[in-house]
Amino acid sequence: MAEISGKKTLFEKIWDAHFVAERLDGREIIYMDRTMVHELHGPKAFEKLRKAGRRVRRPDLTFAVQDHTIATRRGRDDTTNPEGTPFLRAQRAGAVEFGFRIFDVDDPEQGISHVIGPELGMVLPGATHCVPDSHAATVGALGALSFGCGTTELEHVLATQVLAMKRPKTMRIRLEGRLGRHVTAKDVALHIIGTLGVSGANGHAVEYAGPVVEAMGIEARMTLCNLTVEMGGRTGFVAPDETAFAWLEGRPFAPIGEDWARALETWRMLRSDEDAVFDADIVIDCSDLAPQVTWGTNPGQVTGVGGLVPATQGDEALDKALGYMDISPGARLEGLKVDRVFIGSCTNGRIPDLEEAAAIVRGRKVAQGVIAMISPGSTIVKREAEALGLDRVFIEAGFEWAESACSMCAGGNGDRGRPGERVVSTTNRNFEGRQGPGVRTHLVSPAMAAAAAVTGVITDVRKLEEA
Amino acid sequence: MRAFTATTGAAVPLLEDDINTDAISPIQLARSLKPDYRRMLFMRTRWQADGTPDPAHVLNQPHFADPAILVTGENFGCGSSREAAVWALQANGFSCLVAKSFNDQFRENCLQNGVLAITLPEALYAELVARVVAANGAPFTADLRTQTISGPGGEPIAFAVPEAERLVLLEGLDDIGLTVRHMAQIEAWEARMAESAPWLQSAVDRRG
């Protein structure tokens, strides 16, 4: 690592340590320690490489996943979701041709890139990551800087192992107070987006700090970092601490022996300096936070579950959003009838998420008329959940226990709602049509999704007694 | 990379904020390795259930049949980082976008494809919007050489673009080529890191 001194934010320390050179167009060449490629965008980048006669420069630092177009049905293969078939096959062919490891359809470690990267220990504190996906920042929970990118930028990083970037501005969000019962990282993240707005962090690297973050487990921090892009943040992260190091130790790709000891020594210095100055420094008190529910068509249109949908007062955009959602201005969210529930995704598809949901579902049944589905964030998560007996809880309640994929989050694998359905979902985007044409999405935490599944309506999970 | 010098054509007002890339280029039509980018653009709102154009959509109005410039609101291109959003705009003739603000990643994707993405000071933005609405499809020209947008209803409107970006766009410089010039420095960085933080320069599955 480069020498760390002076008044620097953690972002600047990691960025500067990965700075290679300045290009003639003023962009900074930043080294990417790992690249994760998914099959929705990989094949197009491979095609560009072929056309230009380029190779993948560091196949040893590059990994491929199959997550966006892969089906969730049991016994799935390349053809279960026919629209995904060309992507899955082109991704596999690219991995073979360019020589990097792929976590393929039938791999026991298949899963969503943002879930398996940390799970396998590929993500390390102080490291940089690049994924052609806007939710790349998920893995910032371990103190890494992870950048989403487009397809042309993906070609760039595959060919060179660097990105040519403009330095983002810095933002710190200090989360004060203590979270109440059934209030989770998802609720905190949605509340932040609701407060700052959907472009509130545009162009910023966001460091989450404060007692609420320090008290969170790593999976919860992933949920928090995951949603950074929903307010335009370039990346989001948490300074790595002993919780992060303990979580990481012993994972397959994590350093071992003397390397681990040396790495720990370096990682313990990864903090923003006390007197470092951020371009934006924000404090949010989370003590009185209620479980959040989105009511509109972007993640910033959100309120506590007991709250009311705003009166639109002639605001065309709000009228349009509420028209799409089929909710009256000024209406209550609690009690709205639900058609479908989805639990999973890179936002909320890890073991603690499934445990939170299972705690609510245990001993209850999915309400009549509700279709409820769980797709774990990775095949490893799925196996662990089964070892914990969580699958039985969900299956006995009437949930579908599906294979791991992006599934209903991206709507790219055939899993989607029907037009007009109201879907309560643990995912990250409630955009018009995101979960299928005409589908009305409400974003919530896993516990809130479970509460909606068993009651058939949007419900304050705190009012349900845990069985 | 595709160069951008100037473009002339209808300037289309799409005056909403927070238009996301799912709306611009829905994944439902991206599920082909060679999708129809022309049809993909604003697919959910542009076409009716039977596949015919929805006459109410601004892009289906006859006077906007030959578009070149899109004028839109705040935070254009938010959401997914998918580059298809840019390709879909290009496939329909747009190579210049004027917005109150852009999502950062989307703007990067524009630059990668030779699409000029401009923001203007508030008063000039308001003037442009008024002129574009009044022009009703009469052509405007965005010229990066003179850094002006000209068209009916007034004097040319000056816009600013960082000088380095302007050169990259005008020359259509190969982005990877610009980086490859620094390959010796990249290699030196790797060699240094292999010493000081070897765990970053190797990603080995310890299970063998």
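**Core first.** I started with the largest nonpolar core, which has 157 residues. A nonpolar core here is a set of buried Ala, Val, Leu, Ile, Met, Phe, Trp, Tyr and Cys residues joined through C-beta atoms within 7 Å. Buried means that 20 or more other C-beta atoms lie within 10 Å of a residue's own; 12 or fewer makes it exposed, anything in between partly exposed, and C-beta atoms are placed from the backbone. Val341(A), Ala449(A) and Ala453(A) touch the most other members of this core. Helix 16 of chain A brings the largest share, eight residues. I also noted another core apart from it, with 47 residues, among them Phe64(B), Leu89(B), Ala117(B) and Phe159(B).

**Ground rules for myself.** This is a predicted model, where local features need pLDDT of at least 70, side-chain atom pairs count only at pLDDT 80 or more, and totals for chains, interfaces and linings use all residues. Residues are numbered from 1 along each chain as its sequence is written, while chains are lettered from A and ligands numbered from 1 in the order in which they are written.

**Ala449(A).** Which residues is Ala449(A) in contact with, leaving aside neighbours within four places in sequence? I listed Val341(A), Ile343(A), Ala357(A), Val424(A), Ser425(A), Thr426(A) and Val444(A). Contact means C-beta atoms, placed from the backbone, within 7 Å.

Axes are lines fitted to C-alpha atoms, for helices over the stretch in contact, and angles run from 0 to 180 degrees between N-to-C directions. Helices (H or I, at least four residues) and strands (E, at least two) are DSSP runs numbered from the N terminus.

**Strand 15 of chain A.** Why is strand 15 of chain A largely enclosed by the rest of the structure? Because five of the five residues of this strand (residues 340-344) are buried. Side chains in a regular strand alternate between the two faces of the sheet. I checked both faces of strand 15 of chain A: Arg340(A), Phe342(A) and Gly344(A) are buried on one side, Val341(A) and Ile343(A) on the other.

Strands pair if DSSP finds at least two bridges between them. I went through some of the pairings:
- Strand 15 and strand 16 (residues 371-375) of chain A pair in the parallel sense over five bridges, and Gly344(A) has Ser375(A) as its bridge partner.
- Strand 15 and strand 18 (residues 422-425) of chain A run parallel, joined by three bridges; here Phe342(A) is partnered by Ser425(A).
- Strand 16 and strand 17 of chain A run parallel with two bridges, and Ile374(A) stands opposite Trp401(A).

**Ser345(A).** Ser345(A) is in helix 12 (residues 345-348) of chain A. Ser345(A) has a positive phi of about 85° although it is not a glycine. Most residues other than glycine have a negative phi. Ser345(A) counts as buried, with 29 C-beta neighbours inside 10 Å.

**Phe42(B).** I found another positive phi, about 45°, at Phe42(B), also not a glycine. Phe42(B) sits in the loop between helix 3 (37-40) and helix 4 (43-46) of chain B. Phe42(B) is buried, with 22 other C-beta atoms within 10 Å.

**Another sheet in chain A.** I looked at an open sheet of five strands with the order 5-4-3-6-7 (chain A) and parallel pairing. Strand 5 (101-103) and strand 7 (145-148) of chain A are its edge strands, each pairing on one side only. On average, neighbouring strands of this sheet are turned by 20° against each other, direction ignored. Strand 6 (residues 128-131) and strand 7 of chain A share four bridges in the parallel sense, with Leu145(A) as bridge partner of Thr128(A).

**Where the chains meet.** The contact takes 61 residues from chain A and 49 residues from chain B. Helix 5 of chain A gives the most to the chain A side, six residues.

Technical notes
Contact = placed C-beta atoms within 7 Å.
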